[in-house]
Amino acid sequence: AQTVTQSQPEMSVQEAETVTLSCTYDTSESDYYLFWYKQPPSRQMILVIRQEAYKQQNATENRFSVNFQKAAKSFSLKISDSQLGDAAMYFCASSREGAQKLVFGQGTRLTINP
Amino acid sequence: NAGVTQTPKFQVLKTGQSMTLQCAQDMNHEYMSWYRQDPGMGLRLIHYSVGAGITDQGEVPNGYNVSRSTTEDFPLRLLSAAPSQTSVYFCASKRLGSNQPQHFGDGTRLSIL
């Protein structure tokens, strides 16, 4: 079975600075996917970034990037130049090949201080 | 372009009442699923379906029923609501056979008194 652990219930960062959210996972699958979702107060689940496990190159999406350490089963999210709109709950998730059944971590609430 | 539509957005029930949460998607996705979100626990999979007439259990299926009579709709039924089912419920869908991420609905906040 897959498990995902986010050990930081809350994080805060000054506007314009960089913050890293941690995520570790466990899986016996050889092919799997990892995701970061953002959930603002509106409750929407917004995909921030995803990583295919077979790709060694870390995924990036504008100000968001990941540090994927496959051997350590670690998948952290780095947000650069933090903006007030980045304030949200962030969930790390994994799935087997096919990106169907998602397993989520507990979430990290990110606060941006102006 | 509606995507995944969930109704209602909010609902309050009394213990023992029955309720159906509706989920519809207009993207012709074969795969649909239901998750519940509880504080401190992230989202957990309740039931899922890979096509019309096919459903299966997820991580936390007890107390919930589903059916999939059409590709578009995947309702979630609570036959006898319990306070432990107070949660936010999300429906999601995706195309089978692709590695594209799931599309989520906006969620239903359900309170059981």
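I start in chain B, where the side chains of B:Arg44 and B:Asp38 form a salt bridge, 2.8 Å from N to O. By salt bridge I mean a side-chain nitrogen of Lys or Arg within 4 Å of a carboxyl oxygen of Asp or Glu. Both B:Arg44 and B:Asp38 are buried; buried is under 20% relative accessible area, exposed is over 50%, and partly exposed is in between, with a 1.4 Å probe and protein chains only.

Some housekeeping. This is a predicted model, where local features need pLDDT of at least 70 and side-chain atom pairs count only at pLDDT 80 or more, while totals for chains, interfaces and linings use all residues. Residues are numbered from 1 along each chain as its sequence is written, chains are lettered from A and ligands numbered from 1 in the order in which they are written, and side-chain values use heavy atoms, leaving out hydrogens and water.

Over all chains, the whole structure has 7 salt bridges. In chain A, A:Asp86 pairs with A:Arg63, with the closest N and O atoms 2.8 Å apart. That pair links distant parts of the chain, 23 residues apart: A:Asp86 sits in the loop between strand 9 (74-79) and strand 10 (88-96), and A:Arg63 in the loop between strand 7 (60-61) and strand 8 (64-69). Strands here are DSSP runs of E, at least two residues, numbered from the N terminus. A:Asp86 and A:Arg63 are both buried.

Another salt bridge joins A:Glu52 to A:Arg50, at 3.6 Å from N to O. Why does A:Glu52 count as buried? Because its relative accessibility is 11%.

Now the cores. A nonpolar core is a set of buried Ala, Val, Leu, Ile, Met, Phe, Trp, Tyr and Cys residues joined through side-chain atoms within 4.5 Å. The largest has 24 residues, and A:Trp36, A:Phe75, A:Leu77, A:Tyr90 and A:Leu110 touch the most other members. Elements giving two or more residues to this core include strand 5 (32-39) and strand 6 (46-52) of chain A. A separate core of 20 residues includes B:Val4 and B:Leu76.

Strand 1 and strand 3 (residues 19-25) of chain B pair in the antiparallel sense over 4 bridges, where pairing takes at least two bridges found by DSSP. In chain B, 4 strands make an open antiparallel sheet, in the order 1-3-8-7. Its edge strands are strand 1 (4-7) and strand 7 (65-66) of chain B, each pairing on one side only.
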